[in-house]
Amino acid sequence: MDTKEIFPFTQIVGQEKMKKALLLNIVDPSIGGVLIRGEKGTAKSTAVRSLEQILPHILVVDGCSFNCNPEYPRKMCTECYEKYTKGVELKKVTTRMKVVELPLSATEDRVSGTLDLEHILKIGEKRFEPGVLARANENLLYIDEINLLDDHIVDILLDSAAMGRNYVEREGVSFSHPSRFILVGTMNPEEGEMRPQLLDRFGLSVDVKGESNFKIRSEIISRRLKFDSDPDMYLEEFSEESERLRKIIISARNIIKDVQISNQLIEVAAKISIVFGLDGHRADITLIRAARANAAFEGRHEVTKKDLKEIAILVLLHRLKRRPFEEAIFDTEELERCLAGF
């Protein structure tokens, strides 16, 4: 992806919840990704693709097809782990995180990768041709119009995102490799919805709409025209702002492990999930993780009720029970009552 041809993330007007949901996932990938739903022309794809301009650098094993992190042996591929256990020094290199895109036409082999059975039978050793999930490891995996992607492919992606590993099996021969990524999907609900059970697997979701304020719409037009007239100059003009945001992300990633969460706030998160009638415990855990990431992003070392209040709609909206063809309605007053008791 040529980042020089992409409108800068920092200059996207409005859509604050969408931008916050994306940024929080970069700070803490364990949040579980984000689904962005909205009408066409609301900067969904632009926002995701422009993240590449502000993504931080990561440490990987030089030459590894799976971008293995040399500091976490248990998360390595088989080859890197064997070298590690034998005391072979793994050369470390720094590289920028990437936005890896998955086209709707992708087949299962292209997503998961393929095992060369003929080579295995002749030589007696495994040969694996990496797929998209290999390239996506330690990066951001983006799917535009994810609601139109084959359900079977979506299941593979979500399973890999949840387990942090991709498993491939052909004719009784199996192979696995690390596949930890930030899953981001965008979609237009007018073209069809996603299955409810798949919706719940996304950590955060946000519904975006076109701006109704004429001043904001005018500013969107002005910025886009300036960018189109001279993309290089426009990107250069706001390069320092992009770099400043990248440094905030890096700082947040560094301090998040030290961010404190009180037992009281954990109880609040549990109460919120109960009051809103959510099934399972995924929402509770995600609520705490996202609140912690929000605190880290703002440079704080302690989660507050403010964090829960700010990100609750991102965690809960797509998990609310609703009837077919009805829009989910988030009750902000109910949330206030939950928070007021603590």
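Mentor: With the terms: axes are lines fitted to C-alpha atoms, for helices over the stretch in contact, and angles run from 0 to 180 degrees between N-to-C directions. Helices are DSSP runs of H or I with at least four residues, numbered from the N terminus. This is a predicted model, in which local features need pLDDT of at least 70 and side-chain atom pairs count only at pLDDT 80 or more, while totals for chains, interfaces and linings use all residues. Residues are numbered from 1 along each chain as its sequence is written, and side-chain values use heavy atoms, leaving out hydrogens and water.

Trainee: How do the axes of H12 and H13 cross?

Mentor: Two packed helices are described by the angle between their axes and the distance between the axes. Here H12 (residues 263-275) and H13 (residues 282-297) have axes that come within 9 Å and cross at roughly 135°. That makes H12 oblique to H13 (under 35 degrees is roughly parallel, over 145 roughly antiparallel, 65 to 115 roughly perpendicular, the rest oblique).

Trainee: Which residues make the contact?

Mentor: Contact means heavy atoms within 4.5 Å. H12 contributes Leu265, Ile266, Ala269, Ala270, Ile272 and Ser273, and H13 contributes Ala283, Asp284, Leu287 and Ile288.

Trainee: Is Val259 buried or exposed?

Mentor: Buried means under 20% relative accessible area, exposed over 50%, partly exposed in between (1.4 Å probe, protein chains only). Val259 counts as buried because its relative accessibility is 7%. Val259 lies in the loop between helix H11 (239-255) and H12. Beyond residues up to four places away in sequence, Val259 touches several residues, including Arg292, Ala295 and Ala296.

Note on methods
Helix = DSSP H or I, 4+ residues; strand = E, 2+ residues; numbered from the N terminus.
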